[in-house]
Amino acid sequence: MHDPPRILAVDDTPENLEILRMRLEANGYEVVTAADGEEALAKVRDVKPDLILLDIMMPKLDGISVVRLLKQDISLQSIPVILVTAKADTRDVIEGLDAGGDDYLTKPFEHKALLARVRSMLRQKALHDTVEAQARSLQDQAAQLAAWNQSLEQKVAEQVTEIERMARLRRYLPAQVADLIVATGNGDALLQSHRREVTVVFCDLRGFTAFAETAEPEEVMTVLGEYHSCLGEQITRHEGTLERFVGDGIVVIFNDPLPCAGHTERAVSMAVAMRDAIDEHSERWRKRGYVLGFGIGIDRGHATIGQIGFDQRSDYAVIGTVPNHAARLCEEAKSRQILVSQRVFGAVEPLIESIPVGELTLKGFHRPMPAYEIVRWLGPSW
């Protein structure tokens, strides 16, 4: 609706148009006039009136023909039309209403009747415009909601994919490493086979085989759960990478898949923290009749690292002399003993209290290897 409402008056008699214009403008309406049906159609398309007062009997194009044309045009058919006729014959009125007219007046018309009909039609037009605006708004909201739903579905799918990817990474990476790989998006590159200097920690329980042979399966799993939980806290705190579980054995890597400053220092600090944490569990196990000790071996050097496996299952593994050396040192370690290689000792010597063990003949190595026992960690804690 225009403000003020815009009315198109159509009549081929100038005097009638002037009367209509004066009466309507006096009541606050904007009035546009046309002298015949063809001009009326042109004015309707040009000014988009809110109401049309349309004489039926006109030259060129009569009012009924104008109504039919208006109602055939989707953009114009909502404009109400009051038909004006000088004839008393109701057939003109009926034909005009059948053609699509909304109301009618008979000339000469009374001023109050004219204004009443105009106000009634304008109320209907205002209501129609309101409903149409609400329908458009609902359509816009529906389209926006559909777009949001599509966007939400896409985001949910992406998040599910991300969660699944994170779950796969968390099987063998510390949480902070998995988070960084997902955030940077280069996890595939980080986990491809490559060579890097790393520190490898191998640890297991002393006496576990004998314990597993005599204890009930439930007892074995309970001990393993306590053991893994205890060591897992230290691995996470020192930002190590859990490479694998081997029964009661655990392999932890430092400096891969992401570089880690002071990786050997972190490894030794973690080993001491593990030993001290397991001491508390060992005492409880002893009271339950379980004789279990804990030993650790550590080596440093270059190794080949990356994913191994097949389509349905893959693991993150370290291959080479370094993990083998750490495993053999762990085999030699007595309960509560942490044995390290010469390279590890050289990297952390100022930060530890140690005891030389001498040269050890280790399985798989052709010559004796020097080893050192870590008694106490003197460096910073993580």
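## The model and its confidence

This is a predicted model, in which local features need pLDDT of at least 70 and side-chain atom pairs count only at pLDDT 80 or more, while totals for chains, interfaces and linings use all residues. Residues are numbered from 1 along each chain as its sequence is written, and side-chain values use heavy atoms, with hydrogens and water left out.

The pLDDT is the predictor's confidence in each residue, from 0 to 100, and the protein chain averages 89, with 92% of the residues scoring at least 70. Where pLDDT is low, the predicted coordinates should not be read in detail.

## The sheet and its helices

Helices (H or I, at least four residues) and strands (E, at least two) are DSSP runs, numbered from the N terminus. Five strands form an open sheet of 5 strands in the order S2-S1-S3-S4-S5, with parallel pairing, where two strands pair if DSSP finds at least two bridges between them. Strand S2 (30–34) and S5 are the edge strands, each pairing on one side only, and the twist averages 20° from one strand to the next.

Strand S1 (residues 6–10) pairs with S2 in the parallel sense over 5 bridges, and Arg6 stands opposite Glu30 in S2. Helix H1 (residues 14–26) packs on the sheet, touching S1, S2 and strand S3 (51–55), and its direction makes about 170° with that of S2; such angles run from 0 to 180 degrees between N-to-C directions, the axes being lines fitted to C-alpha atoms, for helices over the stretch in contact.

In helix H4 (residues 90–99), Asp92, Val93, Gly96 and Ala99 are buried, which means under 20% relative accessible area, whereas exposed means over 50% and partly exposed lies in between (1.4 Å probe, protein chains only).

The buried residues of H4 pack against helix H3 (63–72), strand S4 (81–85) and strand S5 (103–106).

## A buried histidine

His238 is found in the loop between helix H9 (217–237) and strand S7 (241–246), and this residue counts as buried because its relative accessibility is 0%. Leaving aside neighbours within four places in sequence, His238 is in contact (heavy atoms within 4.5 Å) with Phe254, Arg266, Ser269, Met270, Ala273 and Trp382.
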